[in-house]
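Me: Hi! I've got a structure open and I'd like to go through it with you. Can you help me read it?

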Amino acid sequence: MKHLTCTSVLAAPTQSLPEAKCPTHTPAGLVGNTPVLHIGAPFTAPGRGFWAKIEGHNPGGIKDRTALHMVRAARERGQLLPGARIVESSSGTLGLGLALAGATYGHPVTVVTDPGMEPLLTGLLTAYGAVVDLVDTPLASGGWQRARRQRVEELLAARPDAWCPDQYNNPENVAAYAPLAHELVAQLGRIDTLVVSVGTGGHSAGIASVLRGFFPRLRVVGVDTCGSTIFGQPAAPRLMRGLGSSIHPRNVAYDLFDEVHWVAAPEAVWSARRLARDHYATGGWSVGAVALVARWAAHTLPAENRIVAIFPDGPQRYVGTVFDDAYCREHGLLDDPPADDPEEVVRPGDRVVTRWTRCTHVTDPLAPAGAQDAGDRTVGVAR
């Protein structure tokens with residue numbers, strides 16, 4: 001018989017939360033205080049497991065937190081005027097969060113995206129009142145991501161009163177996740193290892209920086225996707241959305257990471273589907289990739305090591321991709337299960353990775369060579 005262990009939702013103590021929540025009877029008040037779920041056998045080996053923070057219990061996902069926070073902060077600073085339009089590039093989850101923030105604070109929202117956005121998500125954004133602006137051609141450098149950002153600049157130039165959160169470089173994107181970290185401390189008490197996906201760099205930096213203040217020896221494991229430039233690999237076409245990047249977001253806190261894992265799309269699909277079957281809890285590309293790495297960490301680290309994985313969203317928007325057999329067969333995603341262990345590279349630039357691969361030399365690829373060497377993190381360094 002399969003067993004799953006779930007904690008109840010535990011609200012973090014009021015004094016632990018950096019900002020007051022909206023009243024619980026409002027849509028924005030539904031954001032936060034998400035549950036944690038213990039993931040063990042049969043997804044992991046018997047006697048081994050990890051805790052998952054289920055951010056899919058927010059109305060739109062993890063980025064509800066940062067959308068509300070960035071909009072509120074911009075209004076307080078006078079950068080976002082009452083009733084002004086919000087314009088931002090998004091592959092999906094932030095778009096939902098901005099639609100929620102727009103409804104909460106009275107702002108129209110335009111989400112600039114590309115053909116890779118799932119039809120279900122496009123429909124939801126439209127239903128929530130957002131305008132979906134679709135770019136139709138990727139740029140030679142930066143691909144779809146840079147094409148979307150270029151379109152955002154065009155829309156801002158046409159509407160001088162409009163405002164863009166710039167999630168890739170806005171420090172408020174990082175600050176928004178302090179409450180999530182405090183929730184984890186209140187729910188679990190001690191955390192030894194954090195496994196977290198990296199896209200804009202917001203939730204990885206925001207959660208890890210606060211947790212390391214509580215737990216100086218915390219191990220932080222970043223999860224990226226093959227074809228992403230964030231940690232020094234060359235850009236390549238990417239099927240997975242929600243993690244990875246074709247540009248270099250400046251919110252990524254490279255100094256916080258002890259190691260990074262790149263995960264390929266078939267490996268993330270296997271993990272997401274297996275997680276759904278074994279534990280009735282799953283999500284899309286990011287959840288699959290993070291769960292795969294957390295599963296490996298639970299197998300390789302001491303049994304008493306308390307591992308927390310951040311699951312950014314739920315499975316709903318992926319019924320036509322990750323959980324659709326025809327889509328997965330078309331893209332060669334059902335061929336083989338992942339290996340038991342990742343491949344290893346000493347440095348990100350050693351070779352192009354095309355499957356699950358681990359690296360313990362984490363540096364900012366845009367930093368000078370000397371600064372990269374000084375920032376090297378090596379497995380086993382005591383904290």
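Me: What is Leu 211 in contact with, leaving aside its neighbours within four places in sequence?
Reply: Leu 211 touches Ala 181, Leu 184, Val 185, Ile 191, Leu 194 and Leu 218. Contact here means heavy atoms within 4.5 Å. One caution: this is a predicted model, where local features need pLDDT of at least 70 and side-chain atom pairs count only at pLDDT 80 or more, while totals for chains, interfaces and linings use all residues. Residues are numbered from 1 along each chain as its sequence is written, and side-chain values use heavy atoms, with hydrogens and water left out.

Me: OK! And how many residues does the largest nonpolar core have?
Reply: The largest nonpolar core has 41 residues, and Leu 211 is among those with the most contacts inside it, along with Leu 184, Leu 194, Ile 207, Phe 231 and Ile 310. A nonpolar core is a set of buried Ala, Val, Leu, Ile, Met, Phe, Trp, Tyr and Cys residues joined through side-chain atoms within 4.5 Å. Buried means under 20% relative accessible area, exposed over 50%, and partly exposed in between (1.4 Å probe, protein chains only).

Me: Which element gives the largest share of this core?
Reply: That's α6, with six residues. Helices (H or I, at least four residues) and strands (E, at least two) are DSSP runs, numbered from the N terminus.

Me: New topic: is Asn 173 buried or exposed?
Reply: Asn 173 is buried, because its relative accessible area is 2%. Asn 173 sits in helix α5.

Me: What does its side chain reach at 2.7 Å?
Reply: The Asn 173 side chain reaches the backbone oxygen of Gln 167 at that distance. Leaving aside neighbours within four places in sequence, the contacts of Asn 173 also include Thr 66, Met 70 and Asn 251.

Me: Last one: where is Leu 120?
Reply: Leu 120 is in helix α3 (residues 119–127). Leu 120 is partly exposed, with a relative accessible area of 37%.

How values were computed: A polar contact is a pair of N or O atoms within 3.5 Å; within protein, one must be able to donate a hydrogen and the other to accept it, and residues adjacent in sequence count only if both atoms are side-chain atoms.
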